[in-house]
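Subject: Structure handover

Hello,

Here is the structure for you to look over.

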Amino acid sequence: MKKMAIPLILRILTGSSKAITRAGAGTDLKAHKEIVKQCLTFCSYTFVAPPGLTWSVQLFHHGILRAIFNCIPAVARSLDVVHDTLDVLVRHLIPSELIFAPVIDAASKAWKETIADKGEPNFEGGFFRREWYFLKTLIVERVVLKEVFALKTGGKFSATCNRVRFPYILLSAHNYAPLSCRLAVIRRSMRSVSSGVLAVAWQ
C-alpha cells in the first residue's frame, strides 16, 4: 500500500461528505454516498492491514479523526450499510488498535490538533452522538492508562509490539461500559503510582 493513498482517500472522503451535506433538495447524491462508503471501507481495511501499527499511525497522522468528524452528517443521510461501516470502524477497529503505545500517541496528537477546538459534529437527529463520545472517552482513558503503565514499568513496553496491558473492561469495544465504571478501573490501576499522573496525562 502506498503511503500517499491514505491522505488522498481521506481528502476524497471529506470532499464527498461535504458535497452531500451542502446539496440542495432533489440532488442526485448516489455517487457521493457510494464514495463515502468505499472510503470508510478502505480505512477499515487499512487498520487491519499488516503491518498494523504502521498504517494505524499513518491514518491518525493524516486526519482520520477529522474525516470522521466531517462525514457524520453525510453518513446520517446514507443507507444503513454505510451506517454499519462507520460503526464498525469507530467501535471496533479503532479501539482494537488503541492498545499500542505509538497508536495511542498518534490518536492523542490527532485529537489535540484537529478535533479539540472544533466543537461537536453535526449530529443530525442524534445520529452517532453516542459513538462519537465513546471514541472521545476511549482516547482520553487510553492516554491516561498509558502514562500509568509507563510509570509502573519505568517506561518499558513490550519489545516486540509496544502493547500496553489494559484491564479487559477498557479493551472491550463491544459495549458501552458506564464512564463511572471505566474511571473506577483507571483509579484502581493508579493506586501504586503518583497521584499526579492523571493531571499529567490530561495536559
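The notes below cover ring pairs, a helix, a glutamine and salt bridges.

Please keep in mind that this is a predicted model.

**Ring pairs**

The structure has five aromatic pairs. Take Phe69 and Trp132. Their ring centres are 5.8 Å apart and their planes stand at 70 degrees, so this pair is edge-to-face; the cut-off for that is over 60. Phe69 sits in helix 4 (residues 64-76) and Trp132 in helix 7 (residues 129-153). The pair links distant parts of the chain, 63 residues apart. Phe69 and Trp132 are both buried.

Phe123 is in the loop between helix 6 (101-114) and helix 7, while Tyr133 is in helix 7, 10 residues apart. Phe123 is buried at 9% relative accessibility. Tyr133 is partly exposed at 32%.

Ring pairs also join Phe69, Trp111 and Trp132 into a cluster.

**Helix 6**

Trp111 is one of the buried residues of helix 6. Others there include Val103, Ile104 and Thr114.

**Gln58**

Gln58 belongs to helix 3 (residues 52-61). It is buried, with a relative accessible area of 16%. Gln58 and Ile6 are 52 residues apart in sequence, yet their C-alpha atoms are 7.5 Å apart in space.

**Salt bridges**

The count is four.

- Glu34 and Lys37 meet at 3.6 Å, N to O. They are three residues apart in helix 2 (residues 30-48), about one helical turn. Both are partly exposed: Glu34 at 36%, Lys37 at 21%.
- Glu124 and Arg77 meet at 2.7 Å, N to O. This pair links distant parts of the chain, 47 residues apart. Glu124 is in the loop between helix 6 and helix 7, and Arg77 in the loop between helix 4 and helix 5 (80-97). Glu124 is partly exposed at 25%, as is Arg77 at 35%.
- Asp87 and Arg91 have their closest N and O atoms 2.9 Å apart. Both lie in helix 5, four residues apart, about one turn. Asp87 is buried at 18%, and Arg91 is buried at 15%.

Best wishes

Key: Residues numbered from 1 in each chain as written. Predicted model: local features only at pLDDT ≥ 70, side-chain atom pairs only at ≥ 80, totals over all residues. Heavy atoms only, no water. Phe/Tyr/Trp six-rings, centres within 6.5 Å; stacked < 30°, edge-to-face > 60°. Helix = DSSP H or I, 4+ residues; strand = E, 2+ residues; numbered from the N terminus. Buried < 20%, exposed > 50% of the residue type's maximum accessible area, 1.4 Å probe, protein only. Salt bridge = Lys/Arg side-chain N within 4 Å of Asp/Glu carboxyl O.
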